[in-house]
Each structure stands twice: as C-alpha cells, then as structure tokens.
Amino acid sequence: MRTAILSDIHGNAIALRAVLEELDADGIERVVCLGDVCQGGAEPEACVDLIEERGWPTVLGNADAFVLDPSTAEGSSEAVSERQLAVRQWTYDRLGSSRRGAIAAYAPTTAAELGDGRTLLGCHAIPADYDSVVLPSAPEDEFRTAFDGTGADLVACGHIHLPYVRRIGPTLVLNPGSVGLGYDHEQDAENVRFDPWASWVVVASRGGRLSLDFRRTPFDAQAVADVHLST
C-alpha cells in the first residue's frame, strides 16, 4: 500500500498541480496533507479547491489558522509583519466563506493505516500544536518530548519546510518538506532563493517492509512569479 504525504503548499497551485500530475501518473490515490494550504501564494482558492476535490484528509496548519483569525499568531515565536497581515487579508477575502469553512474543518491531527498493520499520525508542527519549531538537529530530549508517546509507527510533520527522517525507538518521524515554498535553510538571509521543485514523500508498506521515497517534483518557477505579478 502506498500513501503520499505532502505539506506546506502556501498558495502555490502550480507546484500542487505538478505533484497531482505525478500522483496520477504513478496511480497513488491515498494522500495525507499536513496543512498550510493557502496563505502566502497567489492562488489560495485553487489550492483549497484542488484538495477538496481530492477529498484528502488535511491537518490545520498555523498559516491556515492565521488566515481564519490573525490573533492565532500572537503566541508564535515569529513576529508578524505588516506585509504578512496584508497578504492574510487579501487571502481571506479571496477565499470566500465556503472555502474558509473548508479550512476551518481541517483537523488538528490525522491518523491513517499504512498497511501491514502499520499506522501513521499526521500533524503540522508537532502532535501537540501547529506552532512549535523542532528541527531534525534538536537535542534528543527535546525531540522525544515533541514526538514520543504517540503509539504510531510513523509520525509525519510539516511546518519547517525541511525534509528529514529521524528515529525514536520503533517510531520514525519524517517531514516531507514543502510543496510550494521550499528553500535552503542555511543560505544568505539577504538573498533568499526558493526551490523550483515540490518536496514530498511516498510511504510504501508491503510484504513486511516499510519504505520512504522522498521526491522532488519540478515546477515552472517563472510561471509562479508571473502569477504573483498579475495579482
């Protein structure tokens, strides 16, 4: 059985459609989305609609909650800029009440069967909340505090836009990276460049084996820039 896991689309419908094409070409129908669907990009409504059409179980991310209510960012460790507030208002108005209702229905976490008796727990940042930043390089005690005790064979999280896999006893913790807004975390902060590919993962459980296939699906970065300029 194969299950695709993706996260952090951030309104980049061009990247999402590229992933959909690959999913369809590979015949992968089971997908879990870990949130941050629409905020920040030029096509928020298209991203919400595409996920609704597919019926994917979707987790509420911090950026999703921010679109619905900007006060949810008050407890975040990251300051909210005036530009982010302006983009949030534009996104909110663009979505309309029906799509905002769809986002409000996203779950805090989601569970799925992977096959062979294995289970998945999906969350946005950590199982307890959608805001905490826990990097794969975190000390063992910090990492275990965030992710241990779920009882799942696989815990999938998003939020930090950084693909990784790390073990806690029998549990694997993975991050698929970002579909719509991937970037090198160590690059020059004054000259940030975003990745021209969507990062995601395919999990396969069969014959007693569990495999993780980290993927990079290229998309037309110039088309993304053109859409931004036209909105």
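**Entry 1: surface patch**

I looked up the nonpolar surface and recorded a patch formed by Leu181, Val192 and Phe194, with about 250 Å² of accessible area together. The model is predicted: local features need pLDDT of at least 70, side-chain atom pairs count only at pLDDT 80 or more, and totals for chains, interfaces and linings use all residues. Residues are numbered from 1 along each chain as its sequence is written, and side-chain values use heavy atoms, with hydrogens and water left out.

I note that patches take residues with over 30% relative accessible area and no salt bridge, with nonpolar side chains (Val, Leu, Ile, Met, Phe, Trp, Tyr) joined within 5 Å and like charges within 9 Å. A salt bridge is a side-chain nitrogen of Lys or Arg within 4 Å of a carboxyl oxygen of Asp or Glu. Areas come from the Shrake-Rupley method with a 1.4 Å probe, and for residues only the protein chains shown count as cover.

I placed Val192 in the loop between strand S7 (171-175) and strand S8 (197-206); helices (H or I, at least four residues) and strands (E, at least two) are DSSP runs, numbered from the N terminus. Val192 counts as partly exposed because its relative accessibility is 39%, where buried means under 20%, exposed over 50%, and partly exposed in between.

**Entry 2: largest pocket**

I recorded about 1,400 Å³ of space in the largest pocket. Of its 42 lining residues, the closest to the centre are His10, Gln39, Gly40, Gln84 and Leu181. Leu181 is also one of the patch residues. Helix H3 (62-68), helix H4 (82-104) and H6 each give two or more residues to this lining, and H4 gives the most, with five.

On a 1 Å grid over the protein atoms alone, a pocket is an open set of points with protein on both sides within 12 Å along at least five of seven lines; a cavity is a set where a 1.4 Å probe fits but cannot get out, and lining residues have an atom within 4 Å of a point.

**Entry 3: cavities**

I counted two cavities of 30 Å³ or more. The largest holds about 50 Å³, and its lining includes Gly11, Asn12, Glu43 and His228. Helix H1 (13-26) and helix H6 (221-230) each give two or more residues to that lining; H6 gives the most, with three.

I recorded about 40 Å³ for the second largest cavity. Among its lining residues are Ser132, Cys157, His159, Tyr164 and Asn175.

Notes. Buried < 20%, exposed > 50% of the residue type's maximum accessible area, 1.4 Å probe, protein only. Points joined across faces, edges and corners; volume = space filled by probe spheres on them.
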